Amino acid sequence: MAKPKLSVITSSIRISVTSKLDGIRSWSLQALETCPGSVGPAGDLVPACSGCYATTGNYRFSNVKEPRLHNREDWKRPKWVADMVASLNKDRYFRWFDSGDMYDIRLARKILSVMEQTPWVSHWLPTRMAKFPKFRPVINAMSELPNVMVRFSSDSVLGEYDARHGSVIVPDASSVPDGTTLCRAYENDGKCSGCRACYDKSVEVVAYPAHGKTMSKVIRIALAA
Ligand code: SF4
């Protein structure tokens with residue numbers, strides 16, 4: 001389980017680090033409330049979001065919530081793009097949304113600007129916002145950048161994905177679908193340990209083995225359905 005903590009404050013930019021990502025930094029928002037793609041047509045959470053790691057454990061602590069709440073307002077500042085670009089000066093990899101999603105098209109356009117102005121950084125952005133047509137042009141523009149890998153996350157927890165997706169949850173490491181690359185963080189105490197597959201444009205779909213009690217329950221329900 002990732003252990004997020006606030007690590008750096010540059011101007012009012014709040015960057016966090018999770019133990020899983022080898023110290024690679026991340027800009028995040030509060031899960032679910034900034035994730036319109038987490039809800040299916042019937043109004044229920046999709047399976048992948050029902051077991052979301054970012055709603056449990058350390059993510060419930062106030063020192064983890066506070067920067068995510070701060071960021072929800074902070075991105076609206078006129079200088080936010082310039083401040084983000086400056087804060088990424090020494091980064092070579094960057095993860096957007098360890099929790100949350102780019103829920104507002106104005107935020108998505110600003111993130112695109114940050115990506116365009118930081119060609120020295122490999123950006124990985126997981127999202128469900130490709131479900132919404134108005135986001136697709138900006139997501140496509142991100143994907144065309146050589147330093148950006150946008151991964152449209154499948155809603156499945158059973159390894160089901162299609163040509164649009166860049167990641168999917170699988171019940172365990174023995175059930176990896178054809179055409180996917182298995183995340184092996186589970187072999188390394190939950191850490192990336194030098195793997196950078198999620199940032200790699202040549203890796204089409206990453207399969208993440210499920211972990212955690214809540215996700216196990218979600219998978220049991222999905223298998224029984
Ligand atoms: S696939 Fe590699 S880079 Fe992605 S989360 Fe797993 S270990 Fe980290």
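These legends go with a set of close-up views of a predicted model.

**View 1. The whole protein chain, before zooming in.**
The protein chain is built from 6 helices and 9 strands. Its radius of gyration is 17 Å, close to the 17 Å that the globule rule gives for 225 residues, so the chain is as compact as a globular protein of that length. Along the principal axes, the C-alpha atoms fill a box of roughly 50 × 40 × 35 Å. Of the 225 residues, 50% count as buried. As for contacts with a separation of 6 or more, 72% of them come from residues 24 or more positions apart.

**View 2. Strand 2, a covered strand.**
Strand 2 (13–18) is mostly covered, with 6 of its 6 residues buried. I13, I15 and V17 point one way from the strand, while R14, S16 and T18 point the other way, and all of them are buried. Strand 2 runs antiparallel to strand 3, and 2 bridges join them. One spot to look for is S16, whose bridge partner in strand 3 is S26.

With a relative accessibility of 32%, D22 counts as partly exposed.

**View 3. The largest nonpolar core.**
This core has 34 residues, and W80 and W96 are the ones with the most contacts inside it. Two or more residues each come from strand 2, helix 3, strand 4 (93–96), helix 4 (105–116), helix 5 (136–144) and strand 6 (148–152). Helix 4 gives the most, with 7 residues. A second, separate core has 12 residues, L21, C192, A197 and C198 among them.

**View 4. Around W96 and F97.**
Leaving aside neighbours within four places in sequence, W96 is in contact with S26, W27, W80, M84, I111, V114, M115, H123, W124, L125 and P126. Next comes F97, in the loop between strand 4 and helix 4. Phi of F97 is near 65°, again a positive value in a residue other than glycine. F97 counts as buried, at 2% relative accessibility.

**View 6**
Helix 3 (residues 80–87) is largely enclosed by the rest of the structure, because 6 of its 8 residues are buried. The buried ones are W80, V81, D83, M84, V85 and S87. W80 also shows up in the surroundings of D74: leaving aside neighbours within four places in sequence, D74 is in contact with S12, I13 and W80. D74 itself belongs to helix 2 (residues 62–74). At 5% relative accessibility, D74 counts as buried.

**View 5. L29, a buried loop residue.**
L29 lies in the loop between strand 3 and helix 1 (47–50). Its relative accessible area is 0%, so L29 is buried. Beyond its neighbours within four places in sequence, L29 is in contact with T34, R68, N71, R72, F97, S99, G100, D101, Y103 and L107. Have a look at T127 too: L29 and T127 are 98 residues apart in sequence and 12 Å apart in space, C-alpha to C-alpha.

Strand 7 pairs with strand 9 (residues 206–209) in the parallel sense over 4 bridges. Within that pairing, I169 has Y208 of strand 9 as its bridge partner.

**View 6. The surroundings of the ligand.**
K20, C183, C192, C195, R196, A197, C198 and V206 surround the ligand. By class, this shell has 6 nonpolar and 2 charged residues, and no polar ones.

Technical notes. Residues are numbered from 1 along each chain as its sequence is written. This is a predicted model: local features need pLDDT of at least 70, side-chain atom pairs count only at pLDDT 80 or more; totals for chains, interfaces and linings use all residues. Side-chain values use heavy atoms; hydrogens and water are left out. A residue is near a molecule or strand if one of its heavy atoms lies within 4 Å of it. Ala, Val, Leu, Ile, Met, Phe, Trp, Tyr, Cys and Pro count as nonpolar, Asp, Glu, Lys and Arg as charged, and the others, Gly among them, as polar. Buried means under 20% relative accessible area, exposed over 50%, partly exposed in between (1.4 Å probe, protein chains only). Contact means heavy atoms within 4.5 Å. Two strands pair if DSSP finds at least two bridges between them. A nonpolar core is a set of buried Ala, Val, Leu, Ile, Met, Phe, Trp, Tyr and Cys residues joined through side-chain atoms within 4.5 Å. The radius of gyration is taken over C-alpha atoms; the globule rule is 2.2 Å times the number of residues to the power 0.38.
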